Amino acid sequence: MKKYAFYLLIAFIAVIEFMFFLWALGTGRPFPFIIGLFLGIAVLYIARFYVDEVMEDERSQKITQQTALTTLQISWIALL
């Protein structure tokens, strides 16, 4: 699977998740939305292994790591 096809799959699943959310609001039952959310996450997790191109390199991993660390530090400061 190409990288852009994977991005289209993410968009498609996001639209389906939004429809599940609206349906759950309309019916008053949150369980289909919760189940759909976990299924969407599982599908994207499995589909990521089938991408042929490089999704992340060392530079983007380092940036993500620094961003996560800074977010945690700010959260701890805000909570205290």
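**Notebook: aromatic rings and a nonpolar patch**

I began with Phe 6, which is buried at a relative accessible area of 4%. The model is predicted, and I kept that in mind throughout.

Next I looked up the neighbouring ring. Tyr 7 has a relative accessible area of 38%, so I logged Tyr 7 as partly exposed. Phe 6 and Tyr 7 form a tilted aromatic pair. I noted 6.4 Å centre to centre and 50° between the planes.

I then turned to a second pair. Phe 21 is partly exposed at 36% relative accessibility. Phe 33 is also partly exposed, with a relative accessible area of 22%.

How many aromatic pairs does a search of the whole structure find? I got 4. I also found a cluster: ring pairs link Tyr 4, Phe 6 and Tyr 7. One member of the cluster has a charge over its ring. Lys 3 lies over the face of Tyr 4, 5.9 Å from the ring centre.

I found a nonpolar patch of about 720 Å². Phe 31, Ile 34, Ile 35, Leu 37, Phe 38, Leu 39 and Ile 41 make up this patch. I placed Ile 41 in helix 2, which covers residues 31-48.

Definitions and conventions:
Residues numbered from 1 in each chain as written. Predicted model: local features only at pLDDT ≥ 70, side-chain atom pairs only at ≥ 80, totals over all residues. Heavy atoms only, no water. Patch = residues over 30% accessible without salt bridge, like charges linked within 9 Å, V, L, I, M, F, W, Y side chains within 5 Å. Areas by Shrake-Rupley, 256 points an atom, 1.4 Å probe, with all protein chains shown as cover. Salt bridge = Lys/Arg side-chain N within 4 Å of Asp/Glu carboxyl O. Helix = DSSP H or I, 4+ residues; strand = E, 2+ residues; numbered from the N terminus. Phe/Tyr/Trp six-rings, centres within 6.5 Å; stacked < 30°, edge-to-face > 60°. Buried < 20%, exposed > 50% of the residue type's maximum accessible area, 1.4 Å probe, protein only. Lys NZ or Arg CZ within 6 Å of the ring centre and 35° of its normal.
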